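Here's a quick walk through some local geometry, written for someone who likes the cut-offs spelled out. Take a look at the model first.

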Amino acid sequence: MAATARRRLLIVSPRHGYRNLWALKEVGLLMGKKVATVPLALPVLAALTPSSWDIRLVDEEMEAVPFGDRFDLVGITGISTNVTRGYEIGDAFRAAGIRVVMGGPYVSTRPDEALLHCDSVVIGEAEEVWVPLLADLEANRLQPTYRAPRLPPPELVPVPRWDLVDTRQVLGLNVQVSRGCPHRCEFCLVHTMYGRKPRYRPIDVVAEEIRALPVKNLSFVDDNLTAWKPYAKDLMARIKPMDVQWSGLASIEVTRDPSLLRDMAEAGCMSLVLGFESLDPAGLAEAHKTQFRVDEYEAAVTALHKAGIHPIGAFVLGFDSDTPASFDRVRDFALRTGSSYLMMNVLTVFDGTDLERRISAEDRRIPLPPEFLNGLFPTKVSEGMTEREVFDHFLDLLGQAYSWGDLRQKARVAFGHGGFSRKPTGSPPLWEKVRASWRLVRAYLFSRDPDQRGLFLDLFRMGRSGTIRMEYAAHYLLMALALTGYVDRHVRDREELWRRYQAARRGVAPS
Ligand code: B12
């Protein structure tokens, strides 16, 4: 490597072997975009890189990996669902004589496995090790692992280099305000990887980052955006004039604070993921989720609807204490409260979690390739139900909860509270609206499902009477179309999915 030449860095997010419902690819496609979001690690790492490097960012969900080009270093990020592809990419670049470094939550917990496919692994957060790693590379003394001596102070988290991403192809951009979570849910990696004391980035920096974003549709990827109330209130006040639309994750604690909810709605909050996890106290106890009671959930959902914010109820199915009735309870709760958006996952054993330690010690872990750790398949032997029962009940629940009949009933409840008559923020370009509305009208009115047609007409009437704004009706119809498309495919492919899972368990590649 010549000392004076500019060096070339490629950072890749590999395509996913299995794509989660909430990756929202279908929503992006319906809106004429290639993807819903691009992983934040790409523009963050780029921002940490010294200016002597030329940087190319590639999200393989959007574009092909440039295997034929020359780079001085290739960085690969990923989680369980795309790490296998990451290993293939690492192998290919190394075969071409290019150094490869990997990072992200999955390889941070399995560095030895990753080192079979790359030259170096960054364990944990990169802010304090990335520049030393690049210096080591240039001095030809790259180490196999880099681990930060501490959780980096939040001031070191840089403003992401979104200028290196073709954001015209992306529906929304990610923003991270804080890292870490005080709770200790047994299945979650966050408190072990990012610590239990949330670290907040300076609010001036965050506000300026948001103001300068080229896309006004955002996702806050914080595990609890509203944990520190004064910060959350200040943030809302600052982004309110920016005319953005956004979604985020929060604890149900926020729903007890109507004034904060109102600030959030006025600042452009469209939806909020709430980690309900289970409707059974035994399930919550098993998950070590002790901070809330099940009987608070219903009021939490109603509070959000009244504020004109869609709750996205996050549920985990497949606890040892779960029975078929636990699955039915989730559907009934959703119908009763009008919760259309559900983020449901089968309890998954990830490396590095407290759950993994317990289940491994009890010899109940089901060994699977990492892409099967995706929230659809059982990854442990359960006490109450067989794997096939968990899988079937999960897919049944998914299919029912996203059926047109359920969605229609839930829309009536949710929109009936009147919260969605509020003025929406953000103004997507006209062509997006036109494209979306023509597709919507065609898909709904020509549908053979009476509830799908009925939903369209219900919302149209509510829009005409002023119960909801047409923008929210259109948005809901678009989301429903995308989500049901995804779910229908999975329910239809049930036997094929099960066959692949069984083959993976036996350690054979599916034919
Ligand atoms: C936002 C998010 C999503 C979004 C992703 C949107 C997108 N495209 O970006 C959605 C909702 C789609 C999603 C889905 C899933 N997710 Co998710 N998600 C997150 C979340 C909340 C934030 C991720 C983020 O943006 N972080 C910010 C970036 C900057 O942090 P980072 O990626 O860790 O990067 C830092 C370091 O890791 C390191 N680093 C990362 N990559 C690299 C690469 C190199 C070369 C180097 C040097 C360093 C490096 O440097 C960065 C700066 O310090 C995390 C939890 C969390 N708090 O991080 C879970 C998390 C990543 N998700 C997780 C999982 C499991 C999933 C799902 C499988 C669903 C499920 N069953 O739970 C699906 C599958 C994804 C899919 N495509 O289908 C797990 C991953 C566990 C694992 N071992 O892989 C996490 C950690 C949550 C958890 N509870 O444990 N997710």
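Asp363 sits in the loop between α14 (354-361) and α15; helices (H or I, at least four residues) and strands (E, at least two) are DSSP runs, numbered from the N terminus. Its phi is near 55°, a positive value in a residue other than glycine. Most residues other than glycine have a negative phi. Asp363 is exposed, with a relative accessible area of 70%. On that scale buried means under 20% relative accessible area, exposed over 50%, and partly exposed in between, using a 1.4 Å probe and protein chains only.

Glu277 also isn't a glycine, yet it has a positive phi of about 65°. This one is found in strand β12, and because its relative accessibility is 9%, Glu277 counts as buried.

A word on the ground rules: this is a predicted model, where local features need pLDDT of at least 70 and side-chain atom pairs count only at pLDDT 80 or more, while totals for chains, interfaces and linings use all residues. Residues are numbered from 1 along each chain as its sequence is written, and side-chain values use heavy atoms, with hydrogens and water left out.

## The six-stranded sheet

What is the strand order in the open sheet of six strands? Reading across, you get β7-β10-β11-β12-β13-β14, with parallel pairing; two strands pair if DSSP finds at least two bridges between them. β7 (173-175) and β14 (341-346) are at the edges with a single partner strand each, so one side of each has no neighbour in the sheet. From one strand to the next, the twist averages 20°; axes here are lines fitted to C-alpha atoms (for helices, over the stretch in contact), and angles run from 0 to 180 degrees between N-to-C directions.

Now the pairings. β7 and β10 are joined in the parallel sense by three bridges, with Val175 opposite Phe220 in β10. Another three bridges link β10 to β11, again parallel, and there Ser219 has Ser247 in β11 as its bridge partner. Between β11 (residues 245-250) and β12 (residues 269-277), also parallel, there are five bridges; Gly248 stands opposite Leu272 in β12.

## Helix α9 against helix α10

Two packed helices are described by the angle between their axes and the distance between the axes. For α9 (residues 229-239) and α10 (residues 258-266), the axes come within 9 Å and cross at roughly 35°. The crossing is left-handed, meaning the near helix is turned anticlockwise from the far one by less than a right angle (clockwise would be right-handed).

On the α9 side, Lys229, Ala232, Lys233 and Met236 meet Ser259, Leu260, Asp263 and Met264 of α10, where contact means heavy atoms within 4.5 Å. Sorted by class, that's four nonpolar, one polar and three charged residues. The classes are nonpolar (Ala, Val, Leu, Ile, Met, Phe, Trp, Tyr, Cys and Pro), charged (Asp, Glu, Lys and Arg) and polar (the others, Gly among them).

## Helix α20

How does the span of α20 (residues 494-505) check out against 1.5 Å a residue? The twelve residues should span 16 Å, and the end C-alpha atoms are 17 Å apart, which agrees; the expected span is 1.5 Å times one less than the number of residues.

Its buried residues are Arg494, Leu497, Trp498, Tyr501, Ala503 and Ala504, and they pack against α15 (387-401) and α19 (470-492). Just after α20, Gly507 takes a positive phi of about 80°.
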